[in-house]
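Try each one before reading its solution.

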Amino acid sequence: MKYTLDMDFSALEGAMAVNWVDRFQDILEDAFSGSGNRARLLANLLMLEQYACTVRHGLAAGGKEMPAAIEQTFRLCWDCLEGRDIPENFEDFANNLWACTLHYNVGEEISDTQAELYREALRDIKGSDEWLILTWFSLLLMEHAAIMGKRLDFEEFEDCEQVSFIEAENLLNMLADACIDFTETPFPSSFAKDYLKALDMVYQTPLFRQIVCQIQNAAKAALAAAPADYPALREEYRNRPILPDEFAEKLLKF
């Protein structure tokens, strides 16, 4: 069976639902195979907008706001998409930000300049959800730099020709794990067999099916959009949470 973006995930059961989630990145690649990088970047940003909307709601419930550095990077990614002027230091910022996310995620060493960025501009970024958003942005900026022929300090981007969907798949998998907790799905041990059984049950829940539908709709909107539609889509998805609000605070604690 060929798994596609247009499939009704709520109609899939058992191994078919598992296979759809496992192949999500490939499904997106197939769906966007005839589209350019603007559509691919837009799809990533619309998914990110939904996720960030839920994170904002969770932060607001605790009297906090999304860190300024994330909001600024959000605007920079949209500027790249919409062809607006980017700062003269774009190359430095993209490479240094990527270095900082590597430092946070895997402990990579960073230069003095990068350490200053980490201490100053990123000092308000605390939670794992905020770092997930920033890491996703950073990847998009580095891919954009590679596609545009900008300076790259990291050889893993040298052959990059397309915006990827790596973080979209990571988001879906992370939210599946969160839904085990949110739906109180039985998970008696950390053994692989119990984890896979819990995921199988989560894939059948209305909450996870709603998440999948949200992500599918974002990708489909990007495929159908013309550049003139971008501002309206940005505003629409900025106010469309990926989770019902009652789970926003729980997501930040997950």
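**Exercise 1: a pair of helices**

The model is predicted, so local features need pLDDT of at least 70 and side-chain atom pairs pLDDT 80 or more, while totals for chains, interfaces and linings use all residues. Residues are numbered from 1 along each chain, and side-chain values use heavy atoms, without hydrogens and water.

Task: Find how α4 and α11 cross and which residues meet.

Solution: 
- Step 1. The two axes, lines fitted to C-alpha atoms over the stretch in contact, come within 11 Å and cross at roughly 150°.
- Step 2. The crossing of α4 and α11 is right-handed.
- Step 3. From α4, E71, R75, W78, L81 and E82 meet Y230, P231, R234 and R238 of α11 (contact: heavy atoms within 4.5 Å).
- Step 4. By class, this contact has four nonpolar, no polar and five charged residues.

**Exercise 2: the buried side of α11**

Task: Which residues of α11 are buried, and what do they pack against?

Solution: 
- Step 1. In α11 (residues 230–238), Y230, L233 and Y237 are buried (under 20% relative accessible area).
- Step 2. Down the axis of α11, these buried residues fall within an arc of 60°, so they line one face.
- Step 3. The buried residues pack against α3 (37–61), α4 (68–82) and α10 (206–224).

**Exercise 3: a backbone angle**

Task: Where is E184, and is E184 buried or exposed?

Solution: 
- Step 1. E184 sits in the loop between α8 (166–182) and α9 (192–202).
- Step 2. Though not a glycine, E184 has a positive phi of about 55°.
- Step 3. E184 is exposed (over 50%), with a relative accessible area of 71%.

Note on methods: Buried < 20%, exposed > 50% of the residue type's maximum accessible area, 1.4 Å probe, protein only. Helix = DSSP H or I, 4+ residues; strand = E, 2+ residues; numbered from the N terminus. Arc of directions from axis to C-beta. Axes fitted to C-alpha atoms, helices over the stretch in contact; angles between N-to-C directions. Left-handed = near helix turned anticlockwise from the far one by under 90°. Nonpolar A, V, L, I, M, F, W, Y, C, P; charged D, E, K, R; others polar.
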